[in-house]
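Subject: Structure handover

Hello,

Here is the structure I promised. Please open it alongside this message; my notes follow below.

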Amino acid sequence: MKSINQTIVAPTTSLTNQAIALIRISGDEAFDIINKLIKYPIDKTKNVLFKKLYDEKELVDEVIITSFVAPNSFTGEDVIEIACHGGILNTQRIIKLIIKKGARMANKGEFSQRAFLNNKIDLIQAEGINDLIFAKNEMALKIGVNNMGGIYNNGILEIKNQLLDVISRIQVSIDYPDYDDVEGSSIDELTLSLEKINVYVDKLLKRSKLANSITNGIKTAIVGKTNVGKSSLLNALIQEERAIVTDIEGTTRDIVTGQINFQNLTLDLVDTAGIRKTNDIVEKIGIEKSLNVIDNSDFILLVVNAENIYDQDNKDLISKIGDKKHLIVVNKKDLISNKDIIEISKKFNNVIFTNASNYDVDDLINCIEKMFLNEELLKNENLVLINIEQINLVEQIKDKLLKSLNSILEGMPIDIVNVDLNVAWNLLNELVGEQYDEEIIDNIFKKYCLGK
Ligand code: GDP
Ligand code: ZN
């Protein structure tokens, strides 16, 4: 949150020779600064004033000053807009004067950035505080703290600024075909920018889904053949007799669930019926459910019997799991020798040995925690969204980005591409809880692009 309060200035129109140039000042000192350049202080009740600008005693220009008092301005701060006589020299001279009186040059997009920050900070903090209150584990706590720090906002801003840049360039090439060369917006460049944004959005989505599952409980399925010890494992993990454990094969016909809070994460466990070829109709339904559970889970514990791990059913299960995050839990380790354990360890890189009936599952818990803690997610600079509605919005944004990329590849007119991008843009605004008037957005785009 560096120098968020410092007053900033920038031309909002192109510096090429136009009759009138527009300069925008935003920040707490906007009025103080402009008052140092005019004879009588601005009357804040009057929106538009004709004024003479002075550098000490020397007349610089005759200008029209439009003032907006916070929070009723684009940035939410005090804003002064100066319409001065155009031309690079004159405009630059006035900007230098404003900087001399205490403002600094704005970064590209910083006005929009302030608008976003000013409107959103409360929501972000609320979200962060909410996460802290409901944190089930330490990782959730950490994510909550990160969000309170406003990292959330900055990450979204990056996407917003990039998308705004693309849309602006397209907008300009539609509105001012002659500007094409100036803006350098060849189709290749647009495609590249869009692909970059898409990669960023995709990462955001993946991180957020992971964060979401960590904070709310990772949807975890315990799968495996009948009688390998799935129910016993669930019991050992939740340390209560919730699932039925029995010697008769095929008794877990319904799906049993339990939640478990480790130090750093929470698992929503589902014990499924044994995966086994069977003619029993009731059991068959259970098996179909199991396969669905794999599809609907984020993390799979494939339980195998230590005495019999290399059979066809297990191989089928592994291929069904595919590249989903999973661990192979070799249960009943008490029934095999240490030598066997070493042999099996050599063959797989994601196996863990347990003795579920003896509640010996510590290795498994440590391994699961490590798996999730090692994620990039924990790094401070990474933005995550935890709210499921927000994640859904990002999903839609990604759809629109892909659609517009496809349109470009198919050689569709740029206006069509623009339509999808504008939808993505609106969704992005919805994501941070902001929706601007379309007309205003148009203006921002044009100014943003032509401005510097
Ligand atoms: P599921 O059908 O996969 O859910 O298996 P269960 O949890 O119902 O267990 C089947 C049988 O294996 C029960 O008799 C358990 O007591 C036994 N069992 C479970 N875990 C272990 C283990 O680690 N070692 C041994 N020796 N037996 C176990
Ligand atoms: Zn069972």
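Helix H7 (residues 187–216) and helix H13 come within 9 Å of each other, axis to axis, and cross at roughly 155°. Keep in mind that this is a predicted model. Angles over 145 degrees count as roughly antiparallel. H7 and H13 are therefore roughly antiparallel. Their crossing is left-handed. The contact of H7 with H13 draws on 13 nonpolar, 5 polar and 5 charged residues.

H13 spans residues 388–409 and H14 spans residues 414–431. Their axes come within 9 Å and cross at roughly 165°. H13 and H14 are therefore roughly antiparallel as well. This crossing, too, is left-handed. On the H13 side, the contact residues are Gln390, Leu393, Val394, Gln396, Ile397, Lys400, Leu401, Lys403, Ser404, Ser407 and Ile408. H14 contributes Val417, Asp420, Leu421, Val423, Ala424, Leu427, Leu428, Glu430 and Leu431. By class, the contact of H13 with H14 has 12 nonpolar, 4 polar and 4 charged residues.

Next, the strands. S1 runs over residues 8–11, and both of its faces are covered. Ile8 and Ala10 are buried on one side. Val9 and Pro11 are buried on the other. What does S1 pair with? One partner is S2 (residues 20–26), in the antiparallel sense, over 4 bridges. Within that pairing, Pro11 has Ile23 of S2 as its bridge partner. Another partner is S6 (residues 104–105), which runs parallel to S1 and is joined to it by 2 bridges. Here Val9 has Met105 of S6 as its bridge partner.

Now Glu369. Where does this residue sit, and is it buried or exposed? Glu369 is found in helix H12 (residues 362–373). Its relative accessibility is 11%, so Glu369 counts as buried; the cut-off is under 20%. Leaving aside neighbours within four places in sequence, Glu369 is in contact with Phe262, Gln263, Asn264 and Leu265. Take Gln263 from that set. Glu369 and Gln263 are 106 residues apart in sequence, yet their C-alpha atoms are 8.3 Å apart in space.

Last, some backbone points in the loops.

- Ala70–Pro71: a cis peptide bond joins these two residues, with omega about 0°. Pro71 is placed in the loop between strand S4 (58–68) and strand S5 (79–85).
- Asn227: phi is positive, about 75°, although this residue is not a glycine. Asn227 belongs to the loop between strand S7 (218–224) and helix H8 (230–238). Its relative accessible area is 32%, so Asn227 is partly exposed.
- Lys332: phi is near 65°, again positive in a residue other than glycine. Lys332 lies in the loop between strand S11 (325–331) and helix H11 (338–347). With a relative accessible area of 23%, Lys332 is partly exposed.

Best wishes

Notes: Residues are numbered from 1 along each chain as its sequence is written. Chains are lettered from A and ligands numbered from 1 in the order in which they are written. This is a predicted model: local features need pLDDT of at least 70, side-chain atom pairs count only at pLDDT 80 or more; totals for chains, interfaces and linings use all residues. Side-chain values use heavy atoms; hydrogens and water are left out. Axes are lines fitted to C-alpha atoms, for helices over the stretch in contact, and angles run from 0 to 180 degrees between N-to-C directions. Angles under 35 degrees count as roughly parallel, over 145 as roughly antiparallel, 65 to 115 as roughly perpendicular and the rest as oblique. A crossing is left-handed if the near helix is turned anticlockwise from the far one by less than a right angle, and right-handed if clockwise. Contact means heavy atoms within 4.5 Å. Ala, Val, Leu, Ile, Met, Phe, Trp, Tyr, Cys and Pro count as nonpolar, Asp, Glu, Lys and Arg as charged, and the others, Gly among them, as polar. Buried means under 20% relative accessible area, exposed over 50%, partly exposed in between (1.4 Å probe, protein chains only). Two strands pair if DSSP finds at least two bridges between them.
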